[in-house]
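The sequence and structure come before the points.

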Amino acid sequence: MKNLTCKLVIVLLLNLIFAHTGHADTKTAEPSIFSDDEIRRILSFGPWPTTMPQDAGNEFSGILAAEKLGEKLFSDTDLSGDKTLSCESCHQAANGFADQQPLSQGVQQHVRNTQGLLNVGMQRWFGWDGGADSLWSATLRPMLSEIEMAGDIQTIATRLRTKHYLFETLKQSGLHDKALSLPDEELVVLAAKTIAAYMRKLNSGTTAFDRYYTALNNNDIDGQNQYPKAAKRGLKTFIGDANCHVCHFGPNFSNGEFHDIGRPFFTDIGMVDPGRYAGIKRVRDDRYNLLGTYNGTAEPSEIRKTNSVKLVQDNFGQWRTPSLRNLRLTAPYMHDGSLSTLREVVDAYADIDTSRLHSKGESILKPLDLSNSQRNDLVEFLQTLTE
Ligand code: HEC
Ligand code: HEC
C-alpha cells in the first residue's frame, strides 16, 4: 500500500514536470529587441520598491509615532501665517502630492511648479534647485517662505502649544516629555521633523515597468510578453540613442544631480530664476542646514555633501533631475510647469536647440532624429512608470 502511494506520487510529480516543460517549450518567446548590454542597463532601474534612507539629521525619522504626528500636521493650516494654507493645499495625494498647476500659488504667486512628494525620501537635495539638504529643512522652508505659507516661528510655536494631542503623543511614545517647554524655534523644528518623517513614507507602488523588470530578471518569458511592445521600443530609445538614462538612472530614474536641459530661465521681463546657482547659496545660508545646531543626529557622512558643495558659474540654469516615476499624476512638467504633456517633453528633447544650453558639459543633449511613432513610443514607456 505504502509502495503504491509512493509510485503514484512519483508518477504525479513526473507528469507535473513534463507538463510544465512541455508548456514552456510551446510558448513562443517574442524575439527580444534588447542586446545583453541593454538588458544590463534596464536592470539598473530596479529593483522596486527600494529601501528609503533615513532623513539626514532627523532623530525622528523612521519612528511610527512621529510619522503619525507629521501626517496630522501636514494638513494643518495653523502652519501658515494667515491660516489659509496647509502643506496639503499644494501637495495633494490624488495628484502625486503635486497640484496640477503650472506655477504654484501660495500667499504670493510662485515662479516654480509644485513638486510631487512620492518617493521624496530618496533625494539628497530638496527643491528644484536643491536649496535644502534634508527633508526637515525642506519642510521649514515653505512654512517660513513669504511666497508659500508666510508663517513665522513665534506664531507657529504659539499655535503648536495649543495642540494637546501633539504633546500627549510625544510624551507617551517617549519621543519628548518636555516638548511644551521648548523654546519657539526648537518646537517648530521638532514639528517639521515629524512632518518629514511622514513624507519619507510616501512611497509609490509597483508599476508595469517594475513587473517587466522582474520578469526580465527572472527570465520569465510570459511576464516579459505582458509589457506592451510600444513601451519596449520607447525604452530602447530611452537607454539608447536618446541618452535619457545618463541623467535619469537608478530605481528612481534620477541621478539626484543638477543639469541644464535648455529650459528658459526668464520668469518675467528682466527677471531670472538662476536654479542651482541660487540653491547652493540658499543651502549654505540656511540656519536649518545639516551644519547647523538643529542637526539631531550629527552623522559625519551626512554632513559631507553640505560641507563640500561649491558654487560655480555653470550652476546657473541647472535644475535637479526629476524622478520619472508617477509622471501621469504630476503634470504639468519642469521647474516652471512650462510643458503640459509628456509628448511636449519628448518633443522638447528631440527638437532641442543646443544654443540655449547655458552651461558647458551637457554635450550629452543633442537634437534627436525621432519619427512621430518613435516619440509616441517614448511617451508609452514613460507612462509605464506610473502605478
Ligand atoms: C503654495 C504651495 C505650497 C505649499 C503650501 C507647500 N509647498 Fe512644498 N513645494 C511647493 C513648491 C513650489 C516646491 C518647489 C520649491 C522650490 O523648488 O524651491 C515645493 C517643494 C517641496 C519639497 C521638495 C520636494 C523635492 O522633491 O525636493 C518638499 C519636501 C515640500 N515641498 C514639502 C512641503 C511641506 C512639508 C509643506 C507644508 C509645511 C509644503 N511643502 C507646503 C509648493 C508648496
Ligand atoms: C543632462 C541630463 C538629462 C538628460 C540627458 C535627460 N534629462 Fe530629463 N530632465 C533633466 C532635468 C535637469 C530636468 C528638469 C528640468 C527643469 O525643471 O527645467 C528633466 C526633466 C524631465 C522630465 C519632466 C519631469 C517632471 O517631473 O517635471 C521628463 C519627463 C524627462 N526629463 C524625461 C527625459 C527623457 C525622455 C529624456 C531623453 C530624451 C531625458 N529626460 C533626458 C535632466 C536630463
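Helix α5 (residues 135-144) is mostly covered, with 8 of its 10 residues buried. The model is a predicted one. Helix α5 also gives the most residues to the lining of the largest pocket, namely 5.

**Helix α5**
- The buried residues of α5 are L135, W136, S137, A138, T139, L140, P142 and M143.
- Among the elements that cover these buried residues are α6 (153-160) and α8 (184-199).

- H91 sits in the loop between α4 (87-90) and α5.

**Largest pocket**
- The largest pocket holds about 960 Å³ of space.
- It is lined by 46 residues, of which H110, R112, N113, R141 and E148 are the closest to its centre.
- At least two lining residues come from each of α4, α5, β2 (266-268), β3 (271-272) and α12 (276-285).
- Of these elements, α5 is the largest contributor, with 5 residues.
- Sorted by class, the lining of the largest pocket comprises 23 nonpolar, 14 polar and 9 charged residues.

**Cis peptide bonds**
- The bond from G46 to P47 is cis, and its omega is near -5°.
- P47 belongs to the loop between α2 (36-42) and α3 (64-74).
- The bond from A331 to P332 is also cis, with omega near -5°.
- P332 lies in the loop between β4 (319-320) and α14 (342-350).

- K83, a residue other than glycine, has a positive phi near 60°.
- The loop between α3 and α4 contains K83.
- K83 counts as partly exposed because its relative accessibility is 46%, while the range for that class runs between 20% and 50%.
- N119, likewise not a glycine, has a positive phi near 65°.
- N119 is in the loop between α4 and α5, the loop that also holds H91.
- N119 has a relative accessible area of 0% and therefore counts as buried, the cut-off being under 20%.

Conventions
Residues numbered from 1 in each chain as written. Chains lettered and ligands numbered in written order. Predicted model: local features only at pLDDT ≥ 70, side-chain atom pairs only at ≥ 80, totals over all residues. Heavy atoms only, no water. Buried < 20%, exposed > 50% of the residue type's maximum accessible area, 1.4 Å probe, protein only. Helix = DSSP H or I, 4+ residues; strand = E, 2+ residues; numbered from the N terminus. Contact = heavy atoms within 4.5 Å. 1 Å grid on protein atoms, 1.4 Å probe; cavity = no way out; pocket = protein on both sides within 12 Å on 5 of 7 lines; lining within 4 Å. Points joined across faces, edges and corners; volume = space filled by probe spheres on them. Nonpolar A, V, L, I, M, F, W, Y, C, P; charged D, E, K, R; others polar.
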